[in-house]
Amino acid sequence: MADLLRLLLKVAEKAANVARVCRQEAPLFQLLVQEKTGDDKNKKFVQDFKTLADVVIQEMIRHDVGAQFPDMAEFIHGEESNKFENGLGESVIVTVCSTEEETAALLATVLDGDHTAASLLAKAIHQDPATVEANTDGLTVSLSPSELGIWIDPIDATSQYIQGREEELEEGRLSPSGLHCALVLIGVYLRSTGEPIMGVINQPFHHKDPAGGGWKGRHFWGVSWDGINVCSVSQPKDGEDRGLSVVLSSSEKQVVKDALALLCSSDKLMYASGAGYKILCVIEGLADVYILSEGSTFKWDSCAPHALLRALGGGVVDLTKRLQMTSEGQDHTAELTYHEPDTECKGADRWANRGGLVAYRDCSKLNTVIAALKGKL
C-alpha cells in the first residue's frame with residue numbers, strides 16, 4: 001500500500017503539471033479558452049479541448065498505475081470517455097503511448113494537425129515530476145492490488161480552471177472561487193464493499209512562486225483501513241466550540257439555506273465552487289460540514305476526499321439515507337460506497353451520488369445538521 005500511495009502522489013503531481021502547462025503554454029491556453037464562433041468547422045472539437053485536457057490526465061494516470069499494478073488496470077475508472085472525434089469526423093481513441101513522440105503523433109490527430117500543441121502536451125505527459133515526499137512509515141495494510149479499484153477526477157471544478165481567476169488565499173479561511181478550487185482527485189476503494197480506503201488530492205494552483213512567478217501546488221493524502229488511520233492533515237485539536245460552520249454550493253435549495261441559517265451565524269454559512277474543494281475545506285477544518293441536497297456529484301468527485309475524512313474520524317454520507325434513519329451516532333450504513341453502479345440509470349448517471357451528501361469530520365456536527373434538515377427535504 002505504501003508503494004501504491006507513493007505512485008498515486010507521483011501521478012497526481014504529473015497531472016498537476018499537465019494542468020499547469022495547459023494554462024502556461026500559449027498554444028494550449030488558446031485552445032483551452034477558445035469559444036465556438038460562427039461557422040467554425042471544428043465546432044465539436046473547440047468545445048472539447050477542455051475535455052481533452054481531462055482525458056489526457058485520466059489516461060496518463062491509468063497508464064502509469066496499470067503499468068506498475070497490472071491487477072488494477074481493469075478497475076481504474078474516470079469521468080471521461082477517451083474516444084474523440086476530430087474536425088474531419090475521424091474517431092480517435094486517446095491513450096498514452098510508450099514514447100513521447102508516439103503520444104504527440106496521436107494527439108496531433110485529435111488536435112487536427114496542431115503539432116505544436118500536441119508536442120507540448122506530450123512532453124508534459126512523459127515528464128517525470130519531482131519526488132513528492134510522504135511519510136509512509138508503518139503503512140502496512142494487508143490488501144493486494146487485485147482487491148482494489150480507483151476513481152479519478154482529472155480536473156475537478158473545470159469551470160474555475162477555465163476561467164482562471166487568481167485569488168489571494170488567506171490562511172485559515174475558505175476562498176469561494178478561483179483557480180485554487182481546481183483539484184486532481186484520485187481515490188482508491190475496496191472492490192468487495194466499496195469502502196474508500198486511500199485518497200490523494202493535488203491542488204495544482206495553490207500559490208505563485210515569488211522567484212519565478214509560476215504556479216506551485218500542494219498535496220494531501222489519507223489511508224483508512226482495518227484500524228489504520230493515517231492522514232497528511234493533522235487531527236483537529238480539542239478546543240472551544242466556535243459554533244457550526246457550513247459550506248454549500250451557491251445554487252443550493254433555499255429551504256436548506258434557510259434551515260442552516262438558523263444554526264449558523266452569517267459568516268459561518270459559506271459558499272464555494274467545486275465539490276472536491278468543498279470537501280477539502282471540511283478536511284482542512286475551514287468548515288465543519290459540506291451539504292449538497294442534489295444528486296449532482298459523482299463517485300469520482302467524492303472517493304478521494306472521503307478516504308481522507310475517514311482517516312480523520314469523519315466521512316461522507318448519503319443525505320437522503322441519513323435523513324431516513326432514526327438512530328444518531330456514526331452509523332456507517334449511510335456512508336457512500338464506490339463499487340456498484342445504480343442500475344436504474346444510464347451513462348454517467350449510474351455513478352451519481354443521487355441522494356445528495358454530507359461531508360463531515362465530527363459526527364456530532366453531522367447529527368446537528370441532519371436534525372435541522374429532517375422534514376424539510
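Two residues are said to be in contact when heavy atoms of theirs lie within 4.5 Å. With that meaning in hand, the reader may turn to the structure, which is a predicted model.

Helix 8 covers residues 275–283 and helix 9 covers residues 299–311; their axes are 9 Å apart and meet at an angle of about 5°. Because angles under 35 degrees count as roughly parallel, helix 8 is described as roughly parallel to helix 9. On the side of helix 8, the residues that meet helix 9 are Ala275, Gly276, Ile279, Val282 and Ile283. Their counterparts in helix 9 are Asp301, Ser302, Pro305, Leu308 and Leu309.

Apart from residues up to four places away in sequence, serine 224 touches Pro196, Ile197, Asn229, Ala307, Arg310 and Ala311.

Strand 7 spans residues 215–225, and aspartate 226 lies in the loop between this strand and strand 8, which spans 228–231. The backbone of aspartate 226 has a phi near 55°, a positive value in a residue other than glycine. Aspartate 226 counts as exposed because its relative accessibility is 62%, and exposed means over 50%.

A positive phi also occurs at alanine 157, where the angle is near 65° and the residue is again other than glycine. Alanine 157 lies in the loop between strand 4, residues 148–156, and helix 6, residues 158–163. Here the relative accessible area is 11%, so alanine 157 is buried.

Helix 6 also contains glutamine 160. With a relative accessibility of 7%, glutamine 160 counts as buried. When its neighbours within four places in sequence are left aside, glutamine 160 is in contact with Arg165, Ser177, Gly178, Leu179, Cys181 and Ser273.

Definitions and conventions:
Residues numbered from 1 in each chain as written. Predicted model: local features only at pLDDT ≥ 70, side-chain atom pairs only at ≥ 80, totals over all residues. Heavy atoms only, no water. Helix = DSSP H or I, 4+ residues; strand = E, 2+ residues; numbered from the N terminus. Buried < 20%, exposed > 50% of the residue type's maximum accessible area, 1.4 Å probe, protein only. Axes fitted to C-alpha atoms, helices over the stretch in contact; angles between N-to-C directions. Parallel < 35°, antiparallel > 145°, perpendicular 65-115°, else oblique.
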